[in-house]
Amino acid sequence: MARRAAGGSSGSGAKASGTGVKTARRPEVRLPALEPYGGGELEPDGDYDGLEFQELDFVGQDGGGARFMDCALTGCALDETSLHHARVLDSVLTGIRGVGTDLAESTLRDVELIDARLGGVQLHGSVLERVLIRGGKIDYLNLRKAHLKDVVFEGCVLVEPDFGGARLERVEFVDCVLKGADLTSATLTDVDLRAAAEIDIARGVDRLAGAVISPVQLMDLAPVLAAEMGVRVVGVGQD
């Protein structure tokens, strides 16, 4: 089972930083001795407990509604894999890859996602709680109307992530790159962007209320903020 990091249990308040923003509680997953997965295709509503999935090909398979608990998935291919309504609990996913993976309306709780290479992954309407996404690159991540609580993006590259209508609570971006992020109608609470390596917000910059940024980031975002407010920035003597 996952052990909680020293930020408090799920029932207690998270520790506030010097700025008053509450820090995210990271998962610390301690897996038990695992049994190798016996093979075969994923099954809808399957129950996978204490298993190790090593370098397996799940391309195009249907595991909708499946539950993965105390599992390790390493180097697995998930192109067009259907995991709609899946539950991934107390698990570590390392080096997974895939395009069009469907995890819509799923639950990820106490999960570490390490060095993933994903494109067009669907997580809209999902719940992510105590999740660490570290390293790797995810293109066109769809988190529309998802709920992220105690989530850390660390050292990863997110290309055009879509947070439209999502709720982000105690979310941190550390040494990661956000390119073309969409925050349209998103709600942010205790979101810490100060340690992000790069922030590029394509839409929804007006939803940054509830986030904390650094002075340098404020300068970088100034043109976008000015445009959002309808402010024209023109030098003296220029037309």
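Q: What am I looking at, by the way?
A: This is a predicted model, where local features need pLDDT of at least 70 and side-chain atom pairs pLDDT 80 or more, while totals for chains, interfaces and linings use all residues. Residues are numbered from 1 along each chain as its sequence is written, and side-chain values use heavy atoms, without hydrogens or water.

Q: Okay, how many aromatic pairs are there in the whole structure?
A: The search turns up 9; Phe, Tyr and Trp (six-membered) rings pair with centres within 6.5 Å, stacked if planes are under 30 degrees apart, edge-to-face if over 60, tilted otherwise.

Q: Why is the Tyr37 and Phe53 pair called tilted?
A: Their ring centres are 4.6 Å apart and the planes sit at 35°, so that pair is tilted. Tyr37 is in the loop between β3 (35-36) and β4 (47-49) and Phe53 is in strand β5 (residues 51-54), so the pair ties together parts 16 residues apart in sequence.

Q: Are those two buried or exposed?
A: Both Tyr37 and Phe53 are buried, meaning under 20% relative accessible area with a 1.4 Å probe, protein chains only (over 50% is exposed, in between partly exposed).

Q: And what about Tyr48 and Phe68?
A: Their centres are 5.0 Å apart with planes at 20°, so they're stacked. Tyr48 is in strand β4 and Phe68 in strand β6 (residues 67-69), 20 residues apart; strands are DSSP E runs of at least two residues, numbered from the N terminus.

Q: Which residues do ring pairs link into a cluster?
A: Tyr37, Tyr48, Phe53, Phe58 and Phe68.

Notes. Helices (H or I, at least four residues) and strands (E, at least two) are DSSP runs, numbered from the N terminus.
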